[in-house]
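Please read this report with the sequence and the three-dimensional view side by side.

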Amino acid sequence: MPGQLNQVVVVGAGVAGMGAAETLRRDGYDGALTIVGAERHAPYHRPPLSKKLLSGQVHRAGIDMAPQFDMDARVLRGATAVGLDLSARTVRVRDEGQTLSLDFDGVVVASGAEPRRWPGQAPEGVFLLRTVEDCLTIRERLGSHPRVVVVGGGFIGSEVAATCRLLGLDVVLVEKASGPLVQALGAELAPCWAKLHREHGVDLRVGVGVAEFVGNGHVEAVRLTDGSQVPADVVIVGLGVTPVTGWLEGSGLHLDDGVVCDAKGVAEGNDGDGIVVAAGDVARWWHPLYERHLRTEHWDDAGRQGAAAARTLLAGPERAEVFDEVPYFWSDHYDVKLQMLGVPTDYDAVEVVEGDQNSGEFVAAYGRGGRTIAVLGTMPGRVHAYREAIEKRAEFPPGRPD
């Protein structure tokens, strides 16, 4: 362990930040540890916010992260990082109306991402979903059996639409693209989820956007760009997220759709003596397998990146190991669990390799340049059988593993 590592500051108390903090302690770091969390809650898992917590299937306490041990850390809750000075080796934090200066010789940037806000003024009844407060506020509204409009057919929007339908609510899902999840899954496979939504009674409006919200103080309807008007008592907007990097402006770190990092998680542009690593939604790591920087917004990746970033701090940038694990995520819609192993960016071929796309039970592979780069499946756990095919860039389409 490098002798100079005596004061570590972790900015962010989500799964990436907590994964880093736990790994530091578990792997022997016994110096000062400060965790800066923007929310006042104890750390919690976000995936249930659009699913089981929203539907009431789990209680609020059921989403808290269970600490594995006492981390012996100074935890600042409801505090916001506002600046990073690499030469002075300090993180500036706004806490309880005061600005604190935290010294460091190692920093984990895990400040996450924030939802894109609706441009302009939105009436009461229009919500974003990112925090536990957002979720509980929306859940309370859903109890009065409102007419729901979901704007945006990405993962959050699609999951929210599915959850609201499972609660028996009238749901309209509005998506500018040709269908939900097209950007993530591609035009060949995404229609399976459009079909799934329609089979479950969602009124799916695609190729159309929102012109305006209608209502005097409280939303009453949504006017779409095709001129149609949809009644609404509750609107949930899911237009994606942007990495929280404003506090790093002027620090010298390389910022480009997140904190740009090498394959070990070390932030580019750091010319100070302290080590700065980044992980989770805010980080764009170089991935040796894909030979590009990737910023993934998924729970599983964030936890693993946080742990890897901590190991890089402990070993030092020279001796640290490259993090080249294949990205993985899942998303639940009704009784279908979508699982993706790998990243299908810039694929030029796609083929169903198991099952039948029309039946809804299948495994499909994505290829680029004759090699397998990702696998999507709805058969529980089956995508993991193709891990070696992705890691070794097997010929496309891959053979079916035993």
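Two residues are in contact when they have heavy atoms within 4.5 Å. Residues 24 or more positions apart account for 61% of the contacts in the protein with a separation of 6 or more. This is a predicted model, in which local features need pLDDT of at least 70 and side-chain atom pairs count only at pLDDT 80 or more, while totals for chains, interfaces and linings use all residues. Residues are numbered from 1 along each chain as its sequence is written, and side-chain values use heavy atoms, with hydrogens and water left out.

**The whole protein**

The protein has eight helices and 26 strands, where helices (H or I, at least four residues) and strands (E, at least two) are DSSP runs numbered from the N terminus. Its radius of gyration, taken over C-alpha atoms, is compared with a globule rule of 2.2 Å times the number of residues to the power 0.38. For 402 residues a compact globule would have a value near 21 Å, and the 22 Å of the protein agrees with this. The C-alpha atoms fill a box of roughly 60 × 55 × 35 Å, taken along the principal axes.

Of the 402 residues, 52% count as buried; buried means under 20% relative accessible area, exposed over 50%, and partly exposed in between, with a 1.4 Å probe and protein chains only.

**A residue in helix 7**

Glutamine 305 lies in helix 7, which covers residues 299-315. Glutamine 305 is buried, with a relative accessible area of 7%, and, leaving aside its neighbours within four places in sequence, it is in contact with Ala279, Gly280, Ala283, Trp285 and Phe323.

**Aromatic pairs**

The structure holds six aromatic pairs. Rings of Phe, Tyr and Trp (its six-membered ring) pair if their centres lie within 6.5 Å, and planes under 30 degrees apart count as stacked, over 60 as edge-to-face and the rest as tilted. Two of the pairs are set out here.

| Pair | Centres apart | Angle of planes | Kind |
|---|---|---|---|
| Tryptophan 193 and phenylalanine 362 | 6.3 Å | 70° | edge-to-face |
| Tyrosine 347 and tyrosine 366 | 5.0 Å | 70° | edge-to-face |

Tryptophan 193 lies in helix 6 (residues 191-199) and phenylalanine 362 in strand 25 (residues 361-368), so this pair ties together parts that are 169 residues apart in sequence. Both tryptophan 193 and phenylalanine 362 are buried. Tyrosine 347 lies in the loop between strand 23 (336-342) and strand 24 (349-356), and tyrosine 366 in strand 25, so the parts tied together are 19 residues apart in sequence. Tyrosine 347 is partly exposed at 23% relative accessible area, whereas tyrosine 366, at 0%, counts as buried.
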